[in-house]
Amino acid sequence: MEFSIGEKMIDVKELTVAEVRDWFNSLATTDPELVGDYLFEECTLYDLQIMTNANDAMLDSMTQSQIRELIEKCKMRNPDFFAFRAKLEVKVKSNEARKTA
């Protein structure tokens with residue numbers, strides 16, 4: 001699914017199961033990047049890169065509202081990825097709560 005945001009043409013693809021698995025495996029080896037990892041609640045900028053043809057420079061030049069539009073397109077194309085990501089987040093928070101109790 002290709003669409004334009006401003007002057008940029010962005011292609012949003014549906015992830016394969018193997019790509020979701022690769023994404024999951026990369027979580028343990030990827031160094032955190034505060035802005036890219038926490039600016040948006042639903043996903044990271046890295047997540048957007050694996051679902052689109054957008055690179056760091058393209059995402060860095062976009063406004064927050066443009067990124068939100070991109071996130072919505074990615075959610076439409078990859079609803080199961082976003083559901084899986086949300087389940088993981090709940091699991092991680094649950095495990096952290098048990099460790100501190």
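View 1. Helices (H or I, at least four residues) and strands (E, at least two) are DSSP runs, numbered from the N terminus. Gln66, Ile67, Leu70, Ile71 and Cys74 are the buried residues of α5, where buried means under 20% relative accessible area, exposed over 50% and partly exposed in between, with a 1.4 Å probe and protein chains only. These residues cover an arc of only 145 degrees around the axis, which puts them on the same side of α5; the arc is that of the directions from the helix axis to the C-beta atoms. Ser65 and Met76, on the other side of α5, are exposed.

**View 2. The model and its confidence.** This is a predicted model, in which local features need pLDDT of at least 70 and side-chain atom pairs count only at pLDDT 80 or more, whereas totals for chains, interfaces and linings use all residues. Residues are numbered from 1 along each chain as its sequence is written, and side-chain values use heavy atoms, with hydrogens and water left out. The pLDDT, which is the predictor's confidence in each residue from 0 to 100, averages 91 over the chain, and 97% of the residues score at least 70. Among the elements of the chain, α5 has the highest mean pLDDT (97) and α6 the lowest (84). The chain contains six helices and two strands, which run β-β-α-α-α-α-α-α from the N terminus on.

View 3. Leaving aside neighbours within four places in sequence, Leu70 is in contact (heavy atoms within 4.5 Å) with Phe3, Ile5, Ile10, Val12, Leu48, Thr52, Leu59 and Met62.

View 4. Arg77 lies in helix α5 and, at 32% relative accessibility, counts as partly exposed. Although Arg77 and Met1 are 76 residues apart along the chain, their C-alpha atoms are separated by 8.1 Å; apart from neighbours within four places in sequence, Arg77 is in contact with Met1, Val12, Lys13 and Glu14. Asn78, found in the loop between α5 and α6 (79-100), counts as buried at 4% relative accessibility. The side chain of Asn78 reaches the backbone nitrogen of Leu15 at 2.7 Å. Not counting residues up to four places away in sequence, Asn78 touches Val12, Lys13, Glu14, Leu15 and Met51.

**View 5. Helix α1.** Val20, Trp23 and Ser26 are the buried residues of α1. Seen down the axis of α1, these residues fall within an arc of 125 degrees, so they line one face of the helix. On the other side of α1, Val17, Arg21 and Asp22 are exposed.

Definitions and conventions
A polar contact is a pair of N or O atoms within 3.5 Å; within protein, one must be able to donate a hydrogen and the other to accept it, and residues adjacent in sequence count only if both atoms are side-chain atoms.
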